[in-house]
Structure formats: structure tokens, C-alpha cells
Amino acid sequence: MTDSTPHWYDDEAGPMVRLYAMTAGRARPSSEAFELMALVQAEPGPDGTDPPVLSPEQHAILALCGDRPRPVAEIASDSGLPLGVARVLLSDLLAAELIRVNPPVPPAQLPDAHILKEVIDGLRAL
């Protein structure tokens, strides 16, 4: 007997999970801290408490941020998650105190392009 129901994905794709299932139906993060270039670093969990139950996607995000701080955009890209979903999962990790978020440096505090050009010219002259 053959199965006549159409398959919308192949066996290599694995199980399909709707994005809203990963975020428990939430579409927005609970924190405004997750700008595209905000740096996220994994933190050890709070002392004396049981670690929260994390989804496989949250474990993957923690693994991505474990060795060095990464921008939110890079986390979303490397995890294969849409940006909105990554932000919601990151906000859950922030609430559980498993990550630290550093806002991006404001453009007014970045060095002037003219100074950088002079430094590069000076290095080339060496």
C-alpha cells in the first residue's frame, strides 16, 4: 500500500515546527535591548537555582554566544532563525540571566573617519 498524502518536505528536512511554537505564540521580545548590533554574551546561570528548561534553539544560541560576544543579527543568521524569533528567545535567556546584552556603541562615540585614515596612512609609512 502506498501513502497518497502529499509530502510538503522530504525526510532530510526533519520535523517541521512552526515558528510560533518556538516562541509560545509571542511575536515580540519582552526587552528592547536586542538591536541588530547589540552584543550578546553567554553567562553562567544564577547561583543556587535549578537551570531552566531550555529549548534546543536556546541551547544553540547559548553555544553560539559562549566563546565570544556576538551581535544579535549574527546570532539569528548563524542559528538559522528569523530575527524576530531569535529576539524572543534571547529575551527569555535574558530573563533567566543566562546572557548579558551590551548595546552597540553610538555613532557619535566612534572615532572620526579622518583620524582613522591618518592612522592607516601612518602604519603604511612604517
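Helices here are DSSP runs of H or I with at least four residues, strands are E runs of at least two, and both are numbered from the N terminus. Bear in mind that this is a predicted model, where local features need pLDDT of at least 70 and side-chain atom pairs pLDDT 80 or more, while totals for chains, interfaces and linings use all residues. Residues count from 1 along each chain as its sequence is written, and side-chain values use heavy atoms, with hydrogens and water left out.

Zoom in on Gln 58. What is its relative accessible area? The value is 7%, so Gln 58 is buried. Its side chain reaches the backbone nitrogen of Ser 55 at 3.1 Å. Beyond neighbours within four places in sequence, Gln 58 is in contact (heavy atoms within 4.5 Å) with Leu 89, Asp 92 and Leu 93.

Next, click Ile 61, which touches Ile 75, Leu 81, Leu 89, Leu 90 and Leu 93, leaving out residues up to four places away in sequence. Ile 61 also takes you into the largest nonpolar core, a set of 19 residues in which Val 40, Ile 61, Leu 90, Leu 93 and Ile 99 have the most contacts. Such a core is made of buried Ala, Val, Leu, Ile, Met, Phe, Trp, Tyr and Cys residues joined through side-chain atoms within 4.5 Å. Helix 4 (83-95) is its top contributor, with five residues.

Move on to helix 3 and select Val 72, Ile 75 and Ala 76, all buried. Their arc is only 95°, so they lie on the same side of helix 3. Just past the end of this helix, Gly 80 has a positive phi of about 75°.

Last stop: strand 3. Ile 99 and Val 101 form its covered face, and Arg 100 and Asn 102 its uncovered one. Strand 3 pairs antiparallel with strand 1 over four bridges (pairing takes at least two DSSP bridges), and Val 101 is the bridge partner of Val 40.

Terms used. Buried means under 20% relative accessible area, exposed over 50%, partly exposed in between (1.4 Å probe, protein chains only). A polar contact is a pair of N or O atoms within 3.5 Å; within protein, one must be able to donate a hydrogen and the other to accept it, and residues adjacent in sequence count only if both atoms are side-chain atoms. The arc is that of the directions from the helix axis to the C-beta atoms.
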